[in-house]
Amino acid sequence: MRTENEAKLRKIRKISSGLRAACTGFLFLIVIGYLMAIIALLANRGGRVGYFDVWFRIGDLTAGGRLMVLALASLTSAVWAWCVYQLRQLFGNYSHGQIFTREAVGHLRQMGVACVLWGLMKILWVGLSRALSANPLSPTQVSAEIIPIGIIILVVAWFMDMAVDLQDENELTV
Amino acid sequence: MLLGNYSRGEIFTKGSAEQIRQWGLACALWGVARYAIQFLPRVPAIRDSFKPGEVQGLGLMVNGLIIVAISWFMEMAAEMREEQDLIV
């Protein structure tokens, strides 16, 4: 292999390993944030909890309201964690030089789905804040641009999947 | 442009990776614009549509930067592949 390609491969491995470590750190933060939200909601000793700039004063919530916030917080944290995990796996593949492979494209597709779900979670949070009666801390608008971004990622991943199929078939042709 | 490349079967190429990078940059700039627009206090329609403390556009910026990062890897890999295809 030429030395320029070797240098590029080393650079790819170094940067993707660094980004993978950043994703691991972010995953850790998501878990910590989620645990803090659970403790705050279950302890019910005041304070605020929220996601996507939608905040609830815990003292103003009924038991049912706290349960709904807890359920949505669990779902949202799961979606976040899944999205970041797929990104982490993608950078993991890149660190092994596996860039245009079926596995990498699979992770990209999962990320696209996670982005769409992320956008839906945003909408649900704003909906919940309006449903739990006149929350003065709720945002005035919902911005869910991540949904079309997720759909575009899914479309791109689909094309790449087809290309990987063709690539694999070509390699089998003698 | 990207879908144009795909219609010609140019999927894992430098050109397609570059288009993805441009898209990522556009998303990041969109996020920056959303963030900056809330600092226009003299425009009541804009000022009144934001609550204090809302961080507008941060998600878009981060998404855009992630797309740019992924496209960088694709571009490097496409370059290496094209160079190897030239080797006899």
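Q: Is A:Cys115 buried or exposed?
A: A:Cys115 has a relative accessible area of 5%. Buried means under 20%, exposed over 50%, and partly exposed in between, with a 1.4 Å probe and protein chains only. A:Cys115 is therefore classed as buried.

Q: What kind of model is this?
A: Residues are numbered from 1 along each chain as its sequence is written, chains are lettered from A and ligands numbered from 1 in the order in which they are written, and side-chain values use heavy atoms, with hydrogens and water left out. Local features need pLDDT of at least 70, side-chain atom pairs count only at pLDDT 80 or more, and totals for chains, interfaces and linings use all residues, since this is a predicted model.

Q: How far from B:Cys27 is the nearest cysteine sulfur?
A: B:Cys27 takes part in no disulfide. The nearest cysteine sulfur belongs to A:Cys115, at a distance of 10 Å.

Q: How many disulfides does the structure hold?
A: The sulfur of A:Cys115 is too far from that of A:Cys83 for a bond, and B:Cys27 is in no disulfide. Over all chains, the number of disulfides is zero.

Q: Which residues of chain B does B:Met74 contact, leaving aside neighbours within four places in sequence?
A: Contact means heavy atoms within 4.5 Å. In chain A, the partners of B:Met74 include A:Tyr94, A:Phe100 and A:Met160. In chain B, they are B:Ala17 and B:Ile20.

Q: How far apart are the closest N and O atoms of A:Asp161 and A:Arg102?
A: A salt bridge is a side-chain nitrogen of Lys or Arg within 4 Å of a carboxyl oxygen of Asp or Glu. A:Asp161 and A:Arg102 form one, with the closest N and O atoms 3.7 Å apart.

Q: How many residues separate A:Asp165 from A:Arg102?
A: These two side chains also form a salt bridge, with closest N and O atoms 2.6 Å apart. A:Asp165 lies in helix α4 of chain A and A:Arg102 in helix α3, so that distant parts of the chain are linked across a separation of 63 residues.

Q: Which residues form a network of salt bridges with A:Arg102?
A: A:Arg102 is partly exposed at 39% relative accessibility, whereas A:Asp161 is buried at 17%. The residues linked with A:Arg102 in the network are A:Arg109, A:Asp161 and A:Asp165.

Q: How many salt bridges are found over all chains?
A: Chain B contributes one between B:Glu10 and B:Arg8, at 3.5 Å from N to O. A search of the whole structure gives a total of nine.

Conventions. Helices (H or I, at least four residues) and strands (E, at least two) are DSSP runs, numbered from the N terminus. A disulfide is a pair of cysteine sulfur atoms within 2.5 Å.
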